[in-house]
Amino acid sequence: MHVVVNAATSADGKLSSRRREQIAISGEKDFARVDRLRADSDAVVVGVGTVLADDPSLTVKDEQLCERRREQGDPEQPARIVVDSTGRTPTDAAIVDDAASTYVCLSEAAPVDRRMDLADRAELVTAGEDRVDLLRAFAALEAAGLERIMVEGGGELIFSLFEAGLVDELRVFVGPTVIGGRDAPTLADGDGFVAEFPTLTLESLERVDDGALLIWRADG
Ligand SMILES: NC(=O)C1=CN([C@@H]2O[C@H](COP(=O)(O)OP(=O)(O)OC[C@H]3O[C@@H](n4cnc5c(N)ncnc54)[C@H](OP(=O)(O)O)[C@@H]3O)[C@@H](O)[C@H]2O)C=CC1
Ligand SMILES: Nc1nc(O)c(N)c(N[C@@H]2O[C@H](COP(=O)(O)O)[C@@H](O)[C@H]2O)n1
């Protein structure tokens with residue numbers, strides 16, 4: 001399995017504002033790059049915080065990219081994956097619509113009624129007691145044939161993926177804006193590291209739109 005985390009931050013490292021509403025940080029070229037990265041992936045992952053904040057579809061928007069996937073024998077759309085310990089994903093969320101297949105990764109703490117509601121719309125993967133055990137969940141997803149994984153956020157999930165040692169690559173578009181706010185989500189939130197910080201090797205740095213795209217390889 002190869003896991004690429006992709007996100008857009010403001011110049012001060014925020015994913016969105018303290019209101020936790022979706023903000024277009026990327027410009028046109030960067031959104032097109034994100035669409036190509038989705039098209040090159042078997043699955044696109046977000047945490048339930050992003051589902052509740054943004055109601056994302058996570059689909060490939062360019063019809064030619066969908067056509068290319070079909071020609072390669074892939075499903076027209078990559079699968080969507082939500083990491084959601086207790087099954088808070090609404091049943092009318094775009095991520096569980098018919099546009100693509102969806103996996104919801106739950107923990108044992110997810111109530112039966114939430115499981116039953118979501119099971120009509122998604123494949124359920126259970127790993128972990130109170131919180132999703134990402135190592136086990138990702139192993140189950142790999143066993144289901146999902147190899148090329150793109151993670152789109154948010155900051156809580158990205159931190160946990162680094163903590164679990166699951167990140168192979170980090171691609172960050174840094175946009176020309178300042179959002180600020182101590183409570184605004186950043187690229188990696190969670191508890192934060194105090195020692196043994198994950199380190200990265202810079203693979204490339206490119207001007208895109210009015211910002212910069214940085215591609216990092218995770219060491220270790
Ligand atoms: N600019 C960008 O590129 C992007 C911006 N965003 C923004 O980020 C914000 C959402 O980010 P955030 O609030 O951090 O939410 P996340 O999308 O990271 O989801 C976090 C939630 O996932 C669930 N979860 C389950 N298991 C785990 C685990 N092992 N580790 C971590 N989380 C787990 C938790 O909820 P539970 O305990 O209920 O399971 C947790 O609260 C929004 O404002 C959104 O707009 C999001 C994506 C990209
Ligand atoms: N790459 C990127 N740049 C931004 O500026 C963004 N705000 C995001 N957000 C992510 O895209 C998801 C929305 O996807 P759909 O348009 O619904 O397909 C959103 O939930 C974030 O994960 N990404």
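A residue belongs to the shell around a ligand here if one of its heavy atoms lies within 4 Å of that ligand, and the helices and strands named below are DSSP runs numbered from the N terminus. In this predicted model, E1, H2, strand E6 (148–153) and H6 each supply at least two residues of the shell around ligand 1.

**Ligand 1**

- The shell around ligand 1 holds 28 residues, and the closest of them are Ser 16, Thr 50, Ser 85, Glu 152 and Ser 160.
- H2 makes the largest contribution to the shell around ligand 1, with five residues, while the shell as a whole comprises 11 nonpolar, 10 polar and seven charged residues.
- A polar backbone atom of Leu 15 lies 3.1 Å from a nitrogen atom of ligand 1.
- On its own, ligand 1 exposes 930 Å², of which the protein buries 87%.

**Ligand 2**

- Around ligand 2 there are 18 residues, with Ile 23, Ile 25, Ser 26, Arg 38 and Lys 61 the closest.
- The side chain of Ser 26 places a polar atom 2.6 Å from a nitrogen atom of ligand 2, and an N or O atom in the side chain of Lys 61 is 2.6 Å from an oxygen atom of the ligand.
- Strand E1 (2–9), helix H1 (28–39) and helix H2 (48–54) are the elements that give two or more residues to the shell around ligand 2, and H1 gives the most, with three residues.
- By class, the shell around ligand 2 consists of eight nonpolar, six polar and four charged residues.

**Second largest pocket**

- The second largest pocket contains about 180 Å³ of space, and its lining includes Phe 159, Phe 162, Leu 170, Val 172, Phe 193, Leu 214 and Trp 216.
- Helix H6 (155–163), strand E7 (169–174) and strand E9 (211–218) each provide at least two residues of that lining.
- The lining of the second largest pocket is made up of 11 nonpolar residues, with no polar and no charged residues.

Methods
Residues are numbered from 1 along each chain as its sequence is written. Chains are lettered from A and ligands numbered from 1 in the order in which they are written. This is a predicted model: local features need pLDDT of at least 70, side-chain atom pairs count only at pLDDT 80 or more; totals for chains, interfaces and linings use all residues. Side-chain values use heavy atoms; hydrogens and water are left out. A polar contact is a pair of N or O atoms within 3.5 Å; within protein, one must be able to donate a hydrogen and the other to accept it, and residues adjacent in sequence count only if both atoms are side-chain atoms. Helices (H or I, at least four residues) and strands (E, at least two) are DSSP runs, numbered from the N terminus. Ala, Val, Leu, Ile, Met, Phe, Trp, Tyr, Cys and Pro count as nonpolar, Asp, Glu, Lys and Arg as charged, and the others, Gly among them, as polar. On a 1 Å grid over the protein atoms alone, a cavity is a set of points where a 1.4 Å probe fits but cannot get out, and a pocket is an open set with protein on both sides within 12 Å along at least five of seven lines; lining residues have an atom within 4 Å of a point. Grid points are joined across faces, edges and corners, and a volume is the space filled by probe spheres set on the points. Accessible areas come from the Shrake-Rupley method with a 1.4 Å probe; for residues, only the protein chains shown count as cover.
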